[in-house]
Amino acid sequence: MKILQMNLKKGIAKVLPESLDDLWHLYNVILEKDEVHARTTREVKVEDQYARPKRGKRVPVLLGVKVEKMFWDKILNRLRIHGIVCEAPEKISIKGSHHTLDVTVNKPVTIVKTEWLKHQIDRLKRASRVTAAPLIVMSIDDEEYCVAVLRQYGVDVKAEEKTRLPGKLEAEKRTGAMREFFKMALKFLREAWISLRSPIVIIGPGFVKNDFAKYVKREALDVADAVIDVKGVNSAGVAGIHEALRSGVFTKALKHVRIAEETKVMEEVLARLGKGRGDITYGFVEVEKASAYGAVEKLLVADATLRETPDEKRKALEKIMKEVEEKGGQIMVISTEHEAGTELLSLGGVAALLRFPLG
């Protein structure tokens with residue numbers, strides 16, 4: 001996500017979503033009664049002074065709408081924002097009418113809020129840093145490997161090697177040569193990982209990528225723990241990395257990082273509850289009480305709860321979130337697209353890890 005403009009005094013943030021993950025972030029940041037401005041098309045009737053109005057035609061136009069509803073269109077990969085037009089060119093006279101904006105990847109969008117909460121700003125900033133947080137890639141088959149780091153400016157190749165392994169008829173020689181090939185590949189992968197401690201994705205055609213992943217698990221458990229995905233592509237080496245970039249493989253991998261983070265914190269919640277500890281609470285009333293005492297270290301809110309709670313209660317929830325942030329606590333919005341979010345919903349959609357037990 002590129003942040004193109006942020007003027008919090010005026011309540012404005014203009015962003016460019018660059019992946020489906022970014023659309024998901026916007027889905028959780030944009031709320032009812034916010035204003036959203038983007039380029040769209042609108043049917044306009046062209047009138048002639050001496051003739052009947054001609055049939056309408058769709059023209060490109062910059063519109064702003066006051067949000068009433070949002071729809072996450074997973075089939076067409078877009079965010080549909082429906083509301084009342086609050087800003088439009090005077091010549092088309094459509095203020096006050098309804099319109100649906102389609103927010104898609106690589107289309108700039110401006111969000112205007114009466115007040116930006118810290119967790120919303122943090123979410124946009126975190127999304128803008130996603131590609132800057134390096135992802136280590138091992139692209140491998142039985143002819144070559146490449147170790148590279150995905151950085152904001154592009155693919156930073158750390159090591160690559162081509163080889164000619166003995167044929168499959170020379171099974172013993174091939175096995176030994178493959179072991180040496182894997183050993184060298186792991187050496188360079190470890191070097192890249194030690195300097196960054198970043199997540200690793202292993203890609204490549206055929207079964208070699210899976211065999212290499214098993215080899216890493218046997219020989220280097222610490223490196224194996226950093227492997228978040230093993231994916232198939234048609235090529236190995238640098239070509240395979242560029243193919244994976246085009247196909248969105250790494251977007252999914254980075255999403256796994258966020259899911260892992262959310263799963264880990266929910267596991268901590270359930271573990272504390274299971275032990276009957278006093279430094280955990282859940283449900284709106286109990287969390288509100290803990291917040292008033294300044295006891296909340298980490299507040300977890302299900303995204304569905306934040307979006308779908310009736311207006312009055314949502315304002316009360318946002319007040320708690322603001323209070324937690326002011327007292328140095330951390331807010332984490334948990335996605336209900338996976339198990340951690342579902343578990344949080346079963347606890348009422350709100351839970352808090354506490355700095356100290358409450359009596």
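How accessible is Glu-286, in relative terms? At 36% relative accessibility, Glu-286 comes out as partly exposed. Keep in mind that this is a predicted model. Salt bridges are the topic here, and a search of the whole structure turns up 18 of them. As background, side chains of opposite charge can pair when their charged atoms come close.

**Helix 8**
- Glu-286 pairs up with Lys-289 in a salt bridge, at 3.6 Å from N to O.
- The two sit three residues apart in helix 8 (residues 284-292), so about one helical turn separates Glu-286 and Lys-289.
- Lys-289 is partly exposed as well, with 41% relative accessibility.

- Arg-272 and Glu-268 make a salt bridge at 2.7 Å, N to O.
- Both belong to helix 7 (residues 249-274), and being four residues apart there puts about one helical turn between Arg-272 and Glu-268.
- Arg-272 is buried, its relative accessible area being 10%, whereas Glu-268 is partly exposed at 30%.

**Strand 1 to a loop**
- Glu-18 has a salt bridge to Lys-2, and their closest N and O atoms lie 3.6 Å apart.
- This pair ties together distant parts of the chain, 16 residues apart: Lys-2 is in strand 1 (residues 2-7), while Glu-18 is in the loop between strand 2 (12-16) and helix 1 (20-29).
- Glu-18 is partly exposed, with a relative accessible area of 34%, and Lys-2 also counts as partly exposed, at 44% relative accessibility.

Notes:
Residues are numbered from 1 along each chain as its sequence is written. This is a predicted model: local features need pLDDT of at least 70, side-chain atom pairs count only at pLDDT 80 or more; totals for chains, interfaces and linings use all residues. Side-chain values use heavy atoms; hydrogens and water are left out. A salt bridge is a side-chain nitrogen of Lys or Arg within 4 Å of a carboxyl oxygen of Asp or Glu. Buried means under 20% relative accessible area, exposed over 50%, partly exposed in between (1.4 Å probe, protein chains only).
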